[in-house]
Amino acid sequence: MNYENLFNQGLQAVKDSPIRVIQRQNIPFEINNENFNNIVESIPILINRVEKSLNVVILGEVKAGKSTFVNALVGGELSPVDISEATAAIIEFYYAKKERGTIHKYSKTSIEDTPKKIFQILSDNIKNKKYYQDVEFVEISSQLLGLKKMHIVDTPGLATTNEQNENKTIDFIQKADVVLWILNANYLGQLDVQQKLIEIAKLGKPIIAIINKIDQVGSNPDRLVQFASKKLGIYLDRIFTLSAQNAYNAVMKSDLELLTKSGFVDIKNHLLELDADARKVHLNSLISSFNALLTMDVTYHKSIEESISLLQKTNRDFINKIEYHKETILDTIYRDLEHWIEHEILKSEENNIITEINKMGLINSSKLEKKIKSDMESIFSTENLKKEIHKKNIFIKSEFEKNWRTVTSAIEAEIKINVSKFKDKEYSNYNNVLASTFESGSELLKKGASRGAILGGSIFVLNAIIAAASFPVIIVGLPIAILSGIIPGMTFKSLDFKKQKNNLLNEIRSTFKDYRNNKLPDSVLPKLKEYYTSANKNVCEDLINSFTAKACSSWTLEDFESLQKNISKHVTRIESNKLEII
Ligand SMILES: Nc1nc2c(ncn2[C@@H]2O[C@H](COP(=O)(O)OP(=O)(O)OP(=O)(O)O)[C@@H](O)[C@H]2O)c(=O)[nH]1
Ligand SMILES: [Mg+2]
């Protein structure tokens, strides 16, 4: 089987992703997810490794005892172990009869010497940050206790104060075939270890845990294994216990009893088994890593596909809701206007006039007569009617805006709830997807890496939906200008003050009534309704346009549908590129 070719085929499939192809155009969602982008960069690392040796990479937090363990393996003090001499570079050990060391530098000024000299140089520069920035990795050949085919890589501890080191180590993880994770027995309960193990497990790397420094804790080693297995077991292939310090001392003194007691012999035997089967272990790890990357790719694409469905549904629901409220809000305004014109307009003026006439008594007063006539004239002047309508308009406008704001904030809240329900559902769905995806892959991934870990909290399309669901404040102009010239004024020659008071009152009442029942409903009401109908239509259009613009960019429904089809095709293609473990 030519794995280079097979991996290359997978890489091409990943690169042809419809999402990656459109990445540079105007798309309505973010895909700036580091893990998503890393898939394309990670497969070539695996391709490069097909012809390389089995890499056993030692990882763990600072001062866990990684280098001490390597020294026991190498059988001499080769990897610097001291408080002041923390491992600051990646150091690769491999079997050779002749001991040799090389410091590979980015600046291409590599140094070759005896391992002892090489470690002296590293130690002399331990405080020199700039020096280590230029060190790509260090290579040491030695006897390595008979581990003839594998390379053992000592790394700077994770979570060091030196971020540069941590980044170098993380970059190196993709080059690992088997991870030996050294845990410090004193801090077995620490939570951040779990997060780091997930990161590695989701890359498809088999992980062997070594609980080190068991000489420092009172607990029985079996209890420690039980504890670690309960907490971290799903990410781990095997768990060993060790006192690297005792192992190292035992190796130096050839004390077989102490060596066995330290836990070292079991670990060494396990490594010898892996070494004997190095090619197969190596290829299976590459296949598992490759499949893990393809699963990540599938997971991302399915997530995008499903959130596009949600986007479309949200958009449809949104338009339906706006259309529904468009009717109800307009209806409320109509009813308010009708009621106002029929029962309320000029009501207090009417009451004032009536009170005044009632006060007139029996004697006609030409002064009062004049006053009432002029009052009526000014009440029914176009100017005054305009003022009344203007006042009412200010009120209706604010009611209108308030109603729309209530509606949009309810829609906004509902969209947010739907999005978060969708996220929850997605996460639980994908746990199942993962479980089946890894059936043929590494056992630990079947149980381990969750979809949450793969997606890393990024939900591509949903951010756009949430952003779109914050609506602009609705502002409606005042419709006074359009009313000019349509308000019928009135003259009052007809008022007859010589008549009975009751008759006069009736006449005044019927004047107001005529206005409320005929004149205004015929002239002003249709105009106001027309105005609010069109204002309401504009508000709806603005809301729909603003939502669609933010949530969908310039994409049409057809654009989304064709993307979804292409994503489905892509997912099928990626699945078909997954490989069987040998
Ligand atoms: N008691 C005890 N001490 C240990 C054991 N293993 C390592 N140590 C001590 O722990 C300290 C750190 O050990 P290292 O091997 O340098 O640890 P490391 O993980 O390589 O550290 P970094 O390279 O800085 O990440 C040293 O002082 C060791 O002597 C052990 O099994 N028991
Ligand atoms: Mg070290």
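This is a predicted model: local features need pLDDT of at least 70, side-chain atom pairs count only at pLDDT 80 or more; totals for chains, interfaces and linings use all residues.

Visitor: Okay, which residue in strand 7 is the bridge partner of Leu59?
Guide: That's Trp181. Strand 7 covers residues 178-184, runs parallel to strand 1, and is joined to strand 1 by 5 bridges.

Visitor: And how many bridges join strand 1 to strand 6?
Guide: There are 5, and those two strands run parallel. Strand 6 spans residues 150-154, and Val153 there is the bridge partner of Val57.

Visitor: Is strand 1 enclosed or open?
Guide: Largely enclosed by the rest of the structure, because 7 of its 7 residues, 54-60, are buried.

Visitor: Which residues point which way from strand 1?
Guide: Leu54, Val56, Ile58 and Gly60 point one way, while Asn55, Val57 and Leu59 point the other. In a regular strand, side chains alternate between the two faces of the sheet.

Visitor: Switching to helices: at what angle do helix 4 and helix 10 cross?
Guide: Roughly 25°, with their axes coming within 8 Å. Angles under 35 degrees count as roughly parallel, so helix 4 is roughly parallel to helix 10. The crossing is left-handed.

Visitor: Which residues meet there?
Guide: From helix 4, Thr68, Phe69, Asn71 and Ala72; from helix 10, Ala244, Gln245, Ala247, Tyr248 and Val251.

Visitor: How many of the contact residues are nonpolar, polar or charged?
Guide: The contact of helix 4 with helix 10 has 6 nonpolar, 3 polar and no charged residues.

Key:
Residues are numbered from 1 along each chain as its sequence is written. Chains are lettered from A and ligands numbered from 1 in the order in which they are written. Axes are lines fitted to C-alpha atoms, for helices over the stretch in contact, and angles run from 0 to 180 degrees between N-to-C directions. Helices (H or I, at least four residues) and strands (E, at least two) are DSSP runs, numbered from the N terminus. Angles under 35 degrees count as roughly parallel, over 145 as roughly antiparallel, 65 to 115 as roughly perpendicular and the rest as oblique. A crossing is left-handed if the near helix is turned anticlockwise from the far one by less than a right angle, and right-handed if clockwise. Two residues are in contact if their C-beta atoms, placed from the backbone, lie within 7 Å. Ala, Val, Leu, Ile, Met, Phe, Trp, Tyr, Cys and Pro count as nonpolar, Asp, Glu, Lys and Arg as charged, and the others, Gly among them, as polar. A residue is buried if 20 or more other C-beta atoms lie within 10 Å of its own, exposed if 12 or fewer, and partly exposed in between; C-beta atoms are placed from the backbone. Two strands pair if DSSP finds at least two bridges between them.
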